[in-house]
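Subject: Structure for your review

Dear colleague,

Please find below the structure that I am handing over to you. The findings follow directly after it.

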Amino acid sequence: MAAIEDGHVDVVGMWVTEDGHIRQELLPDGRYDEARGERASAYTGRYTVTGSHLDYVDDTGFTATGDIRDGVLYHEHLVLYRESSQS
């Protein structure tokens with residue numbers, strides 16, 4: 001489950017689709033970097049979090065949205081899961 005800080009869900013970290021094809025890293029500075037398959041940095045841009053809702057603005061100006069529900073990121077048509085760091 002994502003932690004809540006100042007009324008907003010903590011989304012920082014790596015989020016991946018179940019098959020691992022899409023990897024979206026949400027950085028602490030409000031930037032994101034999304035890899036698709038072998039294509040690193042396929043999409044990059046900014047994101048903001050309001051409660052459990054995310055608004056994305058790609059560096060090309062494209063916009064998208066996402067929502068965290070039950071610890072899962074629903075980003076447009078994608079379903080992404082937080083990658084847990086394993087030591």
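In strand E10, arginine 82 is the bridge partner of tryptophan 15. Strand E3 and strand E10 (residues 78–82) pair in the antiparallel sense over three bridges. Strands, like helices, are DSSP runs numbered from the N terminus (strands: E, at least two residues; helices: H or I, at least four residues). Two strands are said to pair if DSSP finds at least two bridges between them.

Please note that this is a predicted model, in which local features need pLDDT of at least 70 and side-chain atom pairs count only at pLDDT 80 or more, while totals for chains, interfaces and linings use all residues. Residues are numbered from 1 along each chain as its sequence is written, and side-chain values use heavy atoms, with hydrogens and water left out.

The overall arrangement is a closed barrel of eight strands, running E3-E4-E5-E6-E7-E8-E9-E10 with antiparallel pairing. From one strand to the next, the twist averages 30°. Such angles run from 0 to 180 degrees between N-to-C directions, with axes taken as lines fitted to C-alpha atoms (for helices, over the stretch in contact).

Strand E3 and its surroundings

Strand E3 (residues 13–17) is largely enclosed by the rest of the structure, because four of its five residues are buried. Buried means under 20% relative accessible area, exposed means over 50%, and partly exposed lies in between (1.4 Å probe, protein chains only). E3 also pairs with strand E4 (residues 22–26), in the antiparallel sense and over four bridges. Here methionine 14 has glutamate 25 in E4 as its bridge partner. The hairpin of E3 and E4 has four residues between the strands, and glycine 20 takes a positive phi near 75° in it.

Threonine 17 belongs to strand E3. With a relative accessible area of 10%, threonine 17 is buried. Its side chain makes a polar contact of 2.7 Å with the side chain of aspartate 19, and it also reaches the backbone nitrogen of histidine 21 at 3.3 Å. A polar contact is a pair of N or O atoms within 3.5 Å; within protein, one must be able to donate a hydrogen and the other to accept it, and residues adjacent in sequence count only if both atoms are side-chain atoms. Leaving aside residues up to four places away in sequence, threonine 17 touches Ile22, Leu78, Val79 and Leu80, where contact means heavy atoms within 4.5 Å.

Alanine 35 in strand E5

Alanine 35 lies in strand E5 (residues 31–36) and is buried, with a relative accessible area of 18%.

Serine 41, found in strand E6 (residues 39–50), has a positive phi of about 50° although it is not a glycine. Serine 41 is partly exposed, at a relative accessible area of 39%.

Aspartate 70 is placed in the loop between E8 and E9. Phi of aspartate 70 is near 55°, again a positive value in a residue other than glycine. At 74% relative accessibility, aspartate 70 counts as exposed. Arginine 69 stands opposite valine 72 in E9.

Yours sincerely
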